[in-house]
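Look at the model below before reading on.

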Amino acid sequence: MADLDYSPPVADFSPSFDALFARLETSPFRRRFRLSPADRAYVREKGVDAIRSHAEDFVRGRLAPAAPRNDGKQTPMRGHPVFVAQHATACCCRGCLRKWHGIPEGVELDAAQRRYVADVLMAWIARQMEAAPPGEAAPSPAAPAPARRARARKSPGDATPGLPFLS
Ligand SMILES: [Zn+2]
């Protein structure tokens, strides 16, 4: 499979991973990954702490072993926001971790490396959540509804309720 990834083997330890994300943007393969509306709804429903814990589980089980099972094919293309983040950030398999992040293959990931990968995944997910279309998240039931909204709901021309992902 053609791999056009351009990848100086230097892990990005900046808190924001700006340099890493700029590099990933140069890859047509990496930059096509996005969280779907359903992925974003899942992140909102579960909360960031739970998603991070899923990410840590996936990293520990699927990436951290010295010889991960099905290495190169262990990360589904969709089905969980963390899987999408893994492909977007080249944290999908040990070959990509080596090429993009300078983490050697054939050696079990240590705690700092596992934390680094989880940090990268969560930073990418946070960016995706920030880039969500305005108003996508349903307003909290506790938030006072502005009078304008209350009137709009009664309008006979308002045909959008029930389609929360339409944007
Ligand atoms: Zn990979």
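**From one residue to the fold**

Leaving aside residues up to four places away in sequence, Leu121 touches Ala55, Val82, Ala85, Gln86, Thr89 and Cys91. The model is predicted, and these contacts are counted between C-beta atoms within 7 Å.

Leu121 is one of four residues, with Cys91, Val117 and Val120, that touch the most other members of the largest nonpolar core, a set of 32 residues. Helices H1, H4, H5, H6 (94-101) and H7 each supply at least two residues of this core. The biggest contribution comes from H7, which gives eight residues. In soluble globular proteins, nonpolar side chains tend to be buried together.

H7 covers residues 111-130, and its 20 residues reach 28 Å from first C-alpha to last, close to the 28 Å expected at 1.5 Å a residue. Which residues in H7 are buried? They are Tyr116, Val117, Ala118, Val120, Leu121, Ala123, Trp124, Ile125 and Gln128. An α-helix has 3.6 residues a turn, so residues three or four places apart point the same way.

Now the protein as a whole. It has eight helices and zero strands, so the order of elements from the N terminus is α-α-α-α-α-α-α-α. Of its 167 residues, 26% are buried. Among contacts with a separation of 6 or more, 68% join residues 24 or more positions apart.

Definitions and conventions: Residues numbered from 1 in each chain as written. Predicted model: local features only at pLDDT ≥ 70, side-chain atom pairs only at ≥ 80, totals over all residues. Helix = DSSP H or I, 4+ residues; strand = E, 2+ residues; numbered from the N terminus. Buried ≥ 20, exposed ≤ 12 C-beta atoms within 10 Å, placed from the backbone. Contact = placed C-beta atoms within 7 Å. Expected span 1.5 Å × (residues − 1). Core = buried A, V, L, I, M, F, W, Y, C linked by C-beta atoms within 7 Å.
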